[in-house]
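Student: Before we discuss any label, could we agree to set each value against its definition and only then conclude?

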Amino acid sequence: MARQDKKRDVVIVGLGWTGSIAGIELAREGLDILALERGHDQATVPDFKYPNQIDELKYGVRLKMMQKPSRQTVTVRRSGDETALPYRSLGSFLPGNGVGGAGTHWNGLNWRPQPEELRLRSYVAENWGEEIIPEGMNLGDYPVSYDELEPFFTHFEKVAGISGKAGNLKGEIREGGNPFEGWRSEEFPMPPLPTTYDSSKFRDACLAAGYHPFQASAGIASTAYVNPYGMQMGPCNFCGFCERYGCYQYSKSSPQTAILDALKRMPNFEYRTESEVLRVELAEDGKTATGVTYWDEAAQEEVFQPADIVILSSFSLNNVHLMLLSGLGEAYDPLTGTGTLGKNYAYQMNGGVSLFFEDAEFNPFVGHGANGVCIDDFSVNQNDFGALGFIGGSYWRSGTFNGQPIRSMPLPKGTPSWGAGWKEGIGKWYGHAMSIGSHGSHMAYANNHLDLDPTYTDRHGRPLMRMTFNWQDNDLKMNQYQKSRMEPLAASMNPDVMQSSFKGIGAQYDVRPYQTTHNTGGHIMSETAREGAVNRYCQTWKAHNVFAMGAGNFVQNTQYNPTGLVGGLAYWTVQAIRTQYLSNPRPLV
Amino acid sequence: MTDLPGYPSRRGFLKVSAAGLALSGVALDAKAQDAQPPVPLDRYEPEYLTADEWAFVMAATARLIPSEGDGPGAIEARVPVFIDLQLAGDYGTADDWYMVGPHDAEAAPDRGWQTPLTPAGLYREAIPAFDAWCAETHGAAFAALDGQAQDAALTALQKGEVPLAPELSPFFATLLANTKEGYFADPMYGGNHGMQSWVYIGFPGARAAFREWPERHNVKYPLGPVSIKGERA
């Protein structure tokens, strides 16, 4: 028998970036709020303090900040012909765990999408015609425009504390910024960070080639900073421990550094950790939710938590799983195209070149997760899709981000993987290699989707979610194009040795090596209830008092790291709740 | 403390936090560590590995990262101790992993870890199976072979040419990964003894403060490593 607790105005599922944003903005409205977090509590002090956090084995390799597959995971297959097998140990992607979620262990790469990426189907149709859209690609427009989201991107960047230089300030192109970005209403909250040696070599080569380099937009403080909630950040010291770690310096933007301490002081906000939401409960008519049922780890019992509004702000994959288990929409069927939940799961298409310079000193441990110089010369709004034969693009970046030697040991091809040759190789090459990365778009396809697994269950007896995913030719062609443009640029830098790593046609998805945690889609935004799971305000079409945050809303993935769009959408959704929904709860579309 | 680069600026920022207290312990810890040499490997009493397994891990890691040439070998770095302690802990028992069946141990490698065995269980079952193959093929258990035969046997294992049960297929990749982990992890986990591996490649360990270094281009960072417990090398 489930325990039942007192009703709240709002229950928040998952206390990462978007749960923290919803928490503080709705708490400021005076609402009584409870946030339920599946994982543990964690704060800068004591959990991330120096030197304990500077531990590659514990956090970088054993992944102690991440979701434990023993508690929650998915099954994976590359096509409907394969039997899905559990993702038993983490590899390809690393969902976070605990307070702060993935916002605690990210790299800090904060981007806005290009305006064209939010209306990509229309952009393609206007310029080349719909006939260039490959069969099986679910190319769509977001039901919200860049201009509508711009104030919310700006606000999120102020909260998160982003460093960079505007390249397009109210339409004026500015030297040193990204000339191909969408317009900004204001300059960045903090100036760009300094440029490391590898980045400066890359910048010189780009300038010589006629490209347009700029310092990466970083959720890493370049100066002392106070955000709109009164939270303080200090300048980064390039310790080189961002991704997979909590920041010991109050320099990396995260829910901890940007929101949580301000939120915890509010008397009408409460959060509970080790509280895993099992399902959203629907009213008898199925048109609203009555609250959520969660597993209270300390009490070892199920709890029904009634609430007027439910905010789903767990990781994208976990949001979709909860929605499938709760009947918050109809499961997508790739054969008939009916249903919406699990539709348009997308990922990221990445590649890169490694350059070895025997006599150069790169000090690879001096860096941060968002370090680097970038170019957008081969990005979505610069590519002629009709001539190139694909839809998409990528940004390039070069900058040291960690020199942690268990995982970051680039060696020239042909170096043995063990024995005397390996030992000689690490002594010769550590510190003398740099890289250029291509971070590319990933479209949505009819056959890449999420549903419930027929075989495997979690510790609560719930079916695991099943991911059906493989690389598709359109994105692989895009990747090969980036290779064809990056290799000549890398060669112009005259390395002693260089080698490329770009997936090509026929590549199969391999769950073992880390690729990215930009898992998007599954509860996508849409103009109509037939096409997606949530409307333009990220309100579920099924139950008007349930709102879904995060990258699960993405119609298809952009070429950028998702956090900027996730943060902007979260403020956009919260604004709709505050100004339209609270006074008159109803479907907003 | 004067040899810590960037320390004054960091102290200013962290002076009220627990991190500042941790830093002040550096010198004391270093002295305490220097006073206690570790147990020699031939007298080490493993937490998890049996005597035969220990002999195998000693011999195999000594070939994966040999002692000859520049830089420490796995033996000098005490990698076998690291592996023993890892297998005795929650990595060995796969506590964080989803280990519910059914298992398809014959799945292709790119489907990830699909054996029903935990890492500790994998070592326990794979070592005698590999030793039996070594005895049949090379005339003795792995640890008793000469270096050249050991290299040939490990090469065959890596290439999948040793006929092992499908559940044992991740063994070589796991052994090699664990060996490199033990070579480069913080010394508090039992390997990377004296931070020799970090000294060899030029990684400064847990220094993690390089405020003035981003714009010192093409200048080699001069300071040796520190460990999480405050040892220096």
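Predicted model: local features only at pLDDT ≥ 70, side-chain atom pairs only at ≥ 80, totals over all residues.

Tutor: Residues are numbered from 1 along each chain as its sequence is written, while chains are lettered from A and ligands numbered from 1 in the order in which they are written.

Student: What makes up chain B in terms of helices and strands?

Tutor: Helices (H or I, at least four residues) and strands (E, at least two) are DSSP runs numbered from the N terminus, and on that basis chain B has 9 helices and 0 strands.

Student: How do you know that the span of helix 4 of chain B agrees with its number of residues?

Tutor: The expected span is 1.5 Å times one less than the number of residues; for the 14 residues of helix 4 of chain B, residues 51–64, this gives 20 Å, and the end C-alpha atoms are 20 Å apart, which agrees.

Student: Why is helix 4 of chain B called largely enclosed by the rest of the structure?

Tutor: A residue is buried if 20 or more other C-beta atoms, placed from the backbone, lie within 10 Å of its own, exposed if 12 or fewer, and partly exposed in between. In helix 4 of chain B, 10 of the 14 residues are buried, so the helix is largely enclosed; among them are Trp54(B), Phe56(B) and Leu64(B).

Student: Why are helix 4 and helix 7 of chain B called roughly perpendicular?

Tutor: Their packing angle is about 85°, with the axes 10 Å apart, where axes are lines fitted to C-alpha atoms over the stretch in contact and angles run from 0 to 180 degrees between N-to-C directions. Angles under 35 degrees count as roughly parallel, over 145 as roughly antiparallel, 65 to 115 as roughly perpendicular and the rest as oblique, and the two helices are therefore roughly perpendicular to each other.

Student: What makes the contact between these two helices?

Tutor: Two residues are in contact if their C-beta atoms, placed from the backbone, lie within 7 Å; Ala59(B), Ala60(B) and Arg63(B) of helix 4 meet Gly147(B), Gln150(B), Asp151(B) and Leu154(B) of helix 7.

Student: How many residues of each chain are in contact with the other chain?

Tutor: Chain A contributes 57 residues, in contact with 57 residues of chain B, and the largest share of the chain A side, 5 residues, comes from helix 11 of chain A.
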